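Good morning, and thank you for coming. Please look at the structure as I speak; I shall begin with a term and then turn to individual residues.

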Amino acid sequence: MIEAVADRFEGAPRQLRRRWSDDFKARAVAETLEPGSSVSAIARRLDIHPSQLFGWRRAALGPHKESTGSSGHKAITPSAGVAIIEVLIGDAVVRAPIDADEAHLQRVIRAVRSA
């Protein structure tokens, strides 16, 4: 009986796994939550595979704590530390980082309500 065990092809490049900081992941996920953003385009720009960014996003938004106000506003703190505000206006959802400029957020909400 012949037994063959493949460790590594000769000449194949050795690559170390890249490690991403929690801050980098949080900023990437927050960028994907902006209205009209494309996860695939963001992943291409950051030189990572889209499935990796989708995984980070799923991990961040999976089990989360939320507090809902009476006006339909939610402050969500996902498990990866990315804090976002989610405003439900009819069928529309406006998501913004927790530190978003208040005046800009008011303009966006007014625009969505008038549409």
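Helices and strands here are DSSP runs, numbered from the N terminus: helices are H or I with at least four residues, and strands are E with at least two. Val87 has its place in strand 3, which covers residues 84–89.

Before going on, please note that this is a predicted model, in which local features need pLDDT of at least 70, side-chain atom pairs count only at pLDDT 80 or more, and totals for chains, interfaces and linings use all residues. Residues are numbered from 1 along each chain as its sequence is written, and side-chain values use heavy atoms, with hydrogens and water left out.

Is Val87 buried or exposed? Its relative accessibility is 2%, so Val87 counts as buried (buried is under 20% relative accessible area, exposed over 50%, partly exposed in between, with a 1.4 Å probe and protein chains only). Between the C-alpha atoms of Val87 and Ile109, which are 22 residues apart along the chain, the separation is 8.3 Å.

I now turn to the aromatic rings. Rings of Phe, Tyr and Trp (its six-membered ring) pair if their centres lie within 6.5 Å; planes under 30 degrees apart count as stacked, over 60 as edge-to-face and the rest as tilted. How many aromatic pairs does a search of the whole structure find? The search finds 3. Among them is the stacked pair of Trp20 and Phe24, at 4.7 Å centre to centre with 20° between the planes. Trp20 also forms an edge-to-face pair with Trp56, at 6.2 Å centre to centre and 70° between the planes. Trp20 lies in the segment before helix 1 (22–32) and Trp56 in helix 3 (residues 50–61), so this pair ties together parts 36 residues apart in sequence.
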